[in-house]
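Open the model in your viewer and keep the selection panel at hand.

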Amino acid sequence: IVPTSQQQAQTWRYTTDKPADGWQKGGFDASSWKEGKGGFGQADTPGAVVHTDWKSDDIWLVREFELDDAKLKAPQLRMHHDEDVEVYVNGVLAAKVGGYTTEYEEFDIAPKAVAALKAGKNILAVHCKQTKGGQFIDVGIVDVK
């Protein structure tokens, strides 16, 4: 539904400076943010497919995507993260996951965030926090059933 950058780099808006409140909601103007290709991180991170270097403590990402039909069977986040990550769909918290992964994995999306998906334009927003070791973030959405 929303590809990760594992196979082909996807374009995101991003910043490493803490954004204003409401950054994760539709209607937020991220046009002043940098534009880059996912995944974001350091190349020596296990399993990472890095297209844009990220070396600060935090990164915020925003990406628009279109859905022809919001009737999905079992949408999940497909994500590789190092480390703590929060993902929002149309401003609704979809998942908050601590720690890290060493490969792409699927994660449940909170029911309120699934309900926020709609036909037409949608917003996927991500905040990832680096604390130690490798660092990487890439997120997409799959419909697994």
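A nonpolar core is a set of buried Ala, Val, Leu, Ile, Met, Phe, Trp, Tyr and Cys residues joined through side-chain atoms within 4.5 Å. Buried means under 20% relative accessible area, exposed means over 50%, and partly exposed is in between, with a 1.4 Å probe and protein chains only. This is a predicted model: local features need pLDDT of at least 70 and side-chain atom pairs count only at pLDDT 80 or more, while totals for chains, interfaces and linings use all residues. Residues are numbered from 1 along each chain as its sequence is written, and side-chain values use heavy atoms, with hydrogens and water left out.

**Stop 1: the cores**

Select L77, L124, I137 and V139. In the largest nonpolar core, which has 27 residues, these four touch the most other members. Now colour by strand. Strands here are DSSP runs of E, at least two residues long, and helices are runs of H or I, at least four long; both are numbered from the N terminus. At least two core residues come from each of β1 (11–15), β5, β6, β7, β8, β10 and β11. β5 gives the largest share, 4 residues.

Next, pick W33, W60, V62 and Y88. They are among the 8 residues of another core, which lies apart from the largest one. As a rule, nonpolar side chains tend to be buried together in soluble globular proteins.

Return to V139 and show its contacts (heavy atoms within 4.5 Å). Leaving out residues up to four places away in sequence, V139 touches P3, T4, W12, R63, L77, R78, M79, V87, L124 and V126.

**Stop 2: strand β11 and its sheet**

Select residues 136–143, which make up β11. Why is β11 largely enclosed by the rest of the structure? Of its 8 residues, 6 are buried, so the strand is largely enclosed.

Two strands pair if DSSP finds at least two bridges between them. β6 (residues 75–82) pairs with β11 in the antiparallel sense, over 8 bridges. Check two positions: H80 has D138 as its bridge partner, and H81 stands opposite I137. β3 (residues 40–41) also runs antiparallel to β11, joined by 2 bridges. There, G41 is partnered with F136.

Zoom out to the whole sheet. It is open, has 5 strands in the order β4-β3-β11-β6-β9, and its pairing is mixed. Which strands stand at the edges? They are β4 (52–53) and β9 (105–108); each has a single partner strand, so one side of each is left without a neighbour in the sheet.

**Stop 3: strand β7 and its partners**

Select residues 84–89, strand β7. It is mostly covered, with 5 of its 6 residues buried. β10 runs antiparallel to β7, with 6 bridges joining them. Look for V85 opposite C128 in β10. β8 is likewise antiparallel to β7, through 5 bridges. β7 and β8 form a hairpin with 2 residues between them. Click N90 in the turn: its phi is positive, about 50 degrees.

**Stop 4: salt bridges**

Show Lys, Arg, Asp and Glu side chains. A salt bridge is a side-chain nitrogen of Lys or Arg within 4 Å of a carboxyl oxygen of Asp or Glu. By this rule the model has 5. Visit three of them.

- Select E86 and K96. Their closest N and O atoms are 3.6 Å apart. E86 lies in β7 and K96 in β8 (residues 92–97), so the pair ties together parts 10 residues apart in sequence. E86 and K96 are also bridge partners in the strand pairing. Is each end buried or exposed? E86 is buried at 19% relative accessibility, while K96 is exposed at 62%.
- Select K129 and D58. The closest N and O atoms of this salt bridge are 3.3 Å apart. The pair links distant parts of the chain: K129 is in β10 (residues 120–129) and D58 in β5 (residues 58–67), 71 residues apart. K129 is partly exposed, at 34%, whereas D58 is buried, at 14%.
- Select E64 and K121. The closest N and O atoms of this salt bridge are 3.5 Å apart. E64 lies in β5 and K121 in β10, so parts that are 57 residues apart in sequence are tied together. K121 is partly exposed, at 44% relative accessibility.
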